[in-house]
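Have the structure open as you read.

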Amino acid sequence: MTQLYSQISGWGKYVPEKILTNYDLEKMVDTSHEWIMQRSGIAERRIAGEDETTATMAVAAARQALDVANLAPTDLDLIIVSTSSPDYFVPAVSSTVQAMLGATCPAFIIATGCTGFVYGLVTAHQFIATGAFKRILLIGVELISRFLNWEDRDTCVLFGDGAGAVVITPSLAPRGVFSFDLGSNGDQGHHLTLKGGGSANPMSYDVIDKGENYLYMNGREVFKFASRVLPRSLRAILEQSDLSLQEVDLLIPHQANARIIDMAVRSINFDPQKVFLNLHKYGNTSAASIPIALVEAIQEGRVKADDKIALVSFGAGLTWASVMLQWGVSSQNLNGHGAAAAMPVQAEKVVI
Ligand code: COA
């Protein structure tokens, strides 16, 4: 059987208009701009408007990605939405997104927190590599601000809302995902939880009184986990793809905390110039962080044809997910609509 690669042939992002700065937060909780900057590198984050939902943000990012890929929603074979802050438990927000886009394909969600987008990319890659599907829309989206306790300075200063989307199509040339590393330490799950509202602890007045309807995080434990797992998982995808650290052109880590990233990168002597960071603008947008960063890296000309790009994520679960990608399009085609028309989307040529 012909070997099929899974290339990213469309991309888009959406962030809400409303900006919440550290100075705004100083008026809400006992914190300071200096503390937040020094401990996390975050200066501001976006907060969804009252009329927005996870689905509306996902659709805004998805429409851009479809435009770039030159595809209509009805061309899609599959939609995957990675999120841990859906509109509702039931129906899955993936079906809401499918209906809002006017797509007719199957759709499902992945809810592994901050690693959801990369878990989704690896999942999409399997469908493409087996020839089962040819046009997959993957969205990482979070409207996490509605699940934060705005009186809890341990969490509310760190997160933000947003969405990023990619379209994944087959390629005969080596493109897209060529190695991955997925993992889960479920016994550490209690360090990052939203305890209330599920079957173990159904929503009740008691849940609300205890604040269990909000995200809880043991920052120190998550910090330790993340700074250990980031270099380890990066090494794992390098080994599998027979690449050295020096051959990586761009590292896009999950945008959780500049200190975690800095420590991890230093620990392996990785060139900090090759690390893409935008968390100062958005905070931790969980499953949306890597796709938003990827889109901005493309728009800023940081991604060139044949570049080897490492995506490394970590988060709730506690989980990790990393992917080594080879980029398949030249940077001069990367701005504006219909850019993918100028690049070979090889779905049509593939014989399965
Ligand atoms: N503003 C001011 N002070 C704050 C604060 C805030 N927003 N949040 C906590 N503090 C205080 C603490 O109460 C503590 O005070 P104390 O010493 O009087 O008890 C002090 O700052 C130090 O707290 P500590 O938890 O040791 O800080 P830290 O250096 O570990 O930084 C985090 C806290 C949350 C920034 C850090 O642990 C972290 O980034 N963890 C990982 C979070 C993450 O990335 N999660 C998502 C992964 S997907």
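## The model

This is a predicted model, where local features need pLDDT of at least 70, side-chain atom pairs count only at pLDDT 80 or more, and totals for chains, interfaces and linings use all residues. Residues are numbered from 1 along each chain as its sequence is written, and side-chain values use heavy atoms, with hydrogens and water left out.

## Around the ligand

There are 22 residues around the ligand, and T31, R39, R153, R220 and N257 come nearest (a residue counts if one of its heavy atoms lies within 4 Å). Ligand oxygen atoms sit 2.4 Å from a side-chain N or O atom of N257, 2.6 Å from one of R39 and 2.9 Å from one of R153. On its own the ligand exposes 960 Å², and the protein buries 74% of that (Shrake-Rupley method, 1.4 Å probe).

Which helix gives the most to this shell? That's α8, with four residues (helices are DSSP runs of H or I, at least four residues).

The ligand takes up the space of the second largest pocket, which holds about 640 Å³. Pockets here are open sets of points on a 1 Å grid over the protein atoms alone, where a 1.4 Å probe fits, with protein on both sides within 12 Å along at least five of seven lines; lining residues have an atom within 4 Å of a point. A molecule sits in one if more than half of its atoms lie within 2 Å of its grid points.

The largest pocket has about 750 Å³ of space. Its lining counts 29 residues, with S84, S85, T193, L194 and L215 closest to the centre.

Technical notes
A polar contact is a pair of N or O atoms within 3.5 Å; within protein, one must be able to donate a hydrogen and the other to accept it, and residues adjacent in sequence count only if both atoms are side-chain atoms. Helices (H or I, at least four residues) and strands (E, at least two) are DSSP runs, numbered from the N terminus. Grid points are joined across faces, edges and corners, and a volume is the space filled by probe spheres set on the points.
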